[in-house]
Structures are given as C-alpha cells and as structure tokens.
Amino acid sequence: MELLDTITVQQPNKTAEIQLFRGDLSAIPGEHEVDLLIVSAFPDDYTPNPGSVIGSLYEKGLSVAELAANKRTDLRKQLNCWLSQPLNETEQNLMHFRQLICFEPHSNTTDAIEAVGNIFRCLNYFALDTSYNVIAMPVVASGNQKIAFRKMMPALIKAAIFWLDQGLPLDCIKIAIIKEEDIVEAKDIFDEEKKIYESMNQPAIVAAAAATEALDEIVKNVFAAPAPQAPGAAPAPAPAAPVQAQANGSLDMFISYAHVQTQQVQHFVDYLRTKNPVMNVFYDRTSIPSGGLWLKQISDAIGKADRILIFLSPDYSHSPVCWDEFQCAKIREYNTGKSLIQTIYLMTDNDMPPMMTLNSWIDCREGDLNKLSTACDQLLYITGT
C-alpha cells in the first residue's frame with residue numbers, strides 16, 4: 001500500500017490522522033496493520049464478486065459469509081452493520097486486521113449522505129472500545145452498490161474529520177483506493193477537504209471567519225437534518241421559554257428523545273419546570289434551524305450540559321438523529337471521564353443495542369406519566385437541583 005496524503009486532526013489530548021492510500025485492503029502489509037476493516041455488501045449477500053474487497057479476501061482464504069454466520073455484534077436493524085468475531089491468529093497474521101465490520105445498506109440506497117451517516121454511526125459504536133484504534137476502509141458502497149464515487153469520497157472524508165474533531169477516540173482512519181482510474185479524483189478530493197479543514201487553524205486574525213465557513217463545509221450534507229415527523233405523531237413542542245446559557249455557558253440538562261414520544265417528554269419537562277423553574281434545559285432540536293451545522297450545534301449543546309437525559313424506545317434506537325445525539329454524548333463521556341448520561345426506559349425495546357443498556361436507567365415503561373413525574377423527582381434529588 002502506498003501512502004498518498006494525510007489529514008491531521010487535532011483532538012483534545014492528541015492528534016489523529018486520516019490517511020489516503022493506493023492499495024488493496026485484502027493485502028494490508030504488516031507496517032499498516034489495523035484493528036478493524038470495514039467492507040460493504042448487499043443485505044445478507046456476501047458473494048465474493050471479482051474486484052470487490054469481499055472477493056479478494058475470499059481468494060486469500062477468508063470468507064465473509066462464514067464470519068457473518070457467527071457475528072459478534074449485530075446492528076443491522078438499527079445501523080445496517082455488524083461486527084465479526086476476532087479472526088484467529090493465523091488469519092490475523094495473514095490479513096493484518098483483527099476484526100471486520102460489514103456495512104449493509106439497503107439495496108435501493110443511492111444516497112451518499114445516508115450511507116456515510118450510518119457508516120460512522122456504526123463505527124462510533126465500536127470505536128469507544130479502546131482496543132480499536134486504527135480503522136481501514138475502501139470508499140464503501142461505491143462499487144457494486146453504485147453510489148457515485150465523486151459523492152461518496154468527499155462525504156466520507158467530511159464525516160471522518162467531523163467525528164475525529166469531536167474527539168472520537170481513534171488514532172487513524174485509512175482510506176484505500178484500488179482502482180487506478182479513481183486515484184487522481186481521490187487525491188483531488190482529499191486535497192480539497194484537507195485545505196478546508198486546515199483553514200480552521202489559521203492565525204486568530206482570520207480564524208473566526210474561516211472557521212465558520214470551514215465547519216459548515218465539513219458538516220454540510222454529511223448528516224441529514226432532523227427527519228420529518230411520522231404521520232400522526234404529536235407536534236414537536238415549542239420550548240416554554242428560549243434556552244439561555246448560564247453565565248458560565250453551561251446547560252443543566254440536555255434531553256434526547258424521539259419526537260414520536262413528544263407527549264410523554266413534554267409532560268416530563270413541564271413537571272421539571274414546576275419543580276425548578278430556573279433550570280436550564282435543552283430539549284427541542286427543532287428550535288435549531290435546519291442545514292449543514294445542525295449537528296455541530298447539537299454537539300456544542302451536549303458539550304455544555306451538566307447532565308444528558310436520554311429517553312429510550314424503539315423509535316429512539318431506530319432514529320439516525322437520535323443515534324447522532326447519543327454518540328455525541330458517549331464521546332463526551334469518554335473524553336471527560338465523567339458519568340453524564342442518565343437513561344429513562346420509556347417504551348419497551350426488545351432489540352435495544354447493548355451500548356444503550358450500559359447506563360443506569362429509570363423504568364417508566366410504557367410511557368407511564370406518574371412514573372415520569374417520580375423519575376423527575378428522583379433525578380432532581382440525585383443532582384441536588
């Protein structure tokens with residue numbers, strides 16, 4: 001594999017890199033060994049097509065179909081992906097990666113934004129495990145799945161920059177290009193995204209203007225704006241009063257929930273405000289204008305919150321927007337070393353992802369309003385507010 005270019009992203013306590021390679025990910029050399037290899041496939045179809053990464057792995061003796069038969073973690077219902085069991089020692093020594101993530105977008109997916117969003121939601125889920133530091137991937141879904149390379153490549157780099165900048169605990173993301181006809185275009189796209197990101201680090205005199213433009217360019221069209229409400233869903237609440245930052249710029253609480261559960265969350269917030277009228281609570285993402293920077297603004301709000309309250313339900317675990325909020329919160333917990341998340345189990349979710357069960361939760365199923373009031377009292381007692 002030949003290293004073509006590198007983007008260095010400054011994180012709170014270290015730097016991380018996005019590297020562009022010319023090369024075959026089924027033949028990773030020892031000096032570029034990685035923890036996770038990401039591949040893509042049609043749903044439940046691991047046919048080793050010639051020219052695909054899955055096909056090349058098969059030719060070298062590794063069957064993705066066999067890995068799929070014994071998945072370690074299956075998140076296909078929520079994020080269209082799964083994690084394999086660790087390869088055996090012989091396979092690791094041959095392939096120079098330890099585990100495989102297979103991304104399986106719906107067969108009719110042609111939207112680079114949707115595809116990249118789910119790739120990084122999946123990657124974020126596993127990256128908080130400190131044993132995963134180095135990731136490798138092709139420009140996934142741009143081969144047999146026919147998402148245009150010129151759309152997928154910049155979306156992939158923008159998303160990598162955004163999440164590393166947020167503090168996603170990875171050392172390196174390696175993106176490999178195998179087709180010679182894609183190399184020139186890949187280098188041009190990579191160089192352009194590198195210039196945009198580096199403009200954020202200009203001297204202070206010009207940084208303010210450049211940073212706003214650069215951040216918008218990085219996030220714009222990578223993450224979809226909040227999805228329209230489902231038919232028949234209750235209207236999203238308008239905050240009782242505009243959210244105002246405290247003197248120190250902090251929020252008492254950030255509330256993350258699926259808008260299908262607006263009625264129950266509104267009851268909780270109303271009760272909370274009767275108990276503590278001055279409590280500064282962010283709970284309505286619809287108050288943020290749609291557009292490229294909405295996720296950045298959500299991440300900033302989560303970064304200012306003393307506590308992050310998450311209402312769990314099947315609608316929550318199947319919502320891309322909710323996943324982004326949840327993962328911003330988990331990254332902040334990881335980087336601060338503080339326990340910030342409290343979960344309320346609002347509706348029974350038989351397929352709840354394991355990561356969401358790790359936090360201490362208060363049982364308010366099935367949207368029981370009396371239990372929600374009691375939960376509010378309990379949280380106020382715990383936090384001393």
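The model is predicted, so local features need pLDDT of at least 70 and side-chain atom pairs count only at pLDDT 80 or more, while totals for chains, interfaces and linings use all residues. Residues are numbered from 1 along each chain as its sequence is written, and side-chain values use heavy atoms, leaving out hydrogens and water.

**The chain as a whole**
- The protein chain has 13 helices and 13 strands (DSSP runs numbered from the N terminus: helices are H or I with at least four residues, strands are E with at least two).
- Of its 385 residues, 55% count as buried (under 20% relative accessible area, with a 1.4 Å probe and protein chains only).

- Eight strands form an open, mixed sheet in the order 1-2-8-7-3-6-5-4 (two strands pair if DSSP finds at least two bridges between them).
- Strand 1 and strand 4 (73-75) are at the edges with a single partner strand each, so one side of each has no neighbour in the sheet.
- Strand 4 runs antiparallel to strand 5 (residues 81-83), and three bridges join them.
- In that pair, Thr73 stands opposite Leu83 in strand 5.

- Thr6 lies in strand 1 (residues 2-10).
- Is Thr6 buried or exposed? Thr6 counts as buried because its relative accessibility is 18%.
- Not counting residues up to four places away in sequence, Thr6 touches Glu17, Ile18, Gln19, Phe190 and Lys194 (contact means heavy atoms within 4.5 Å).

Definitions and conventions. Buried means under 20% relative accessible area, exposed over 50%, partly exposed in between (1.4 Å probe, protein chains only).
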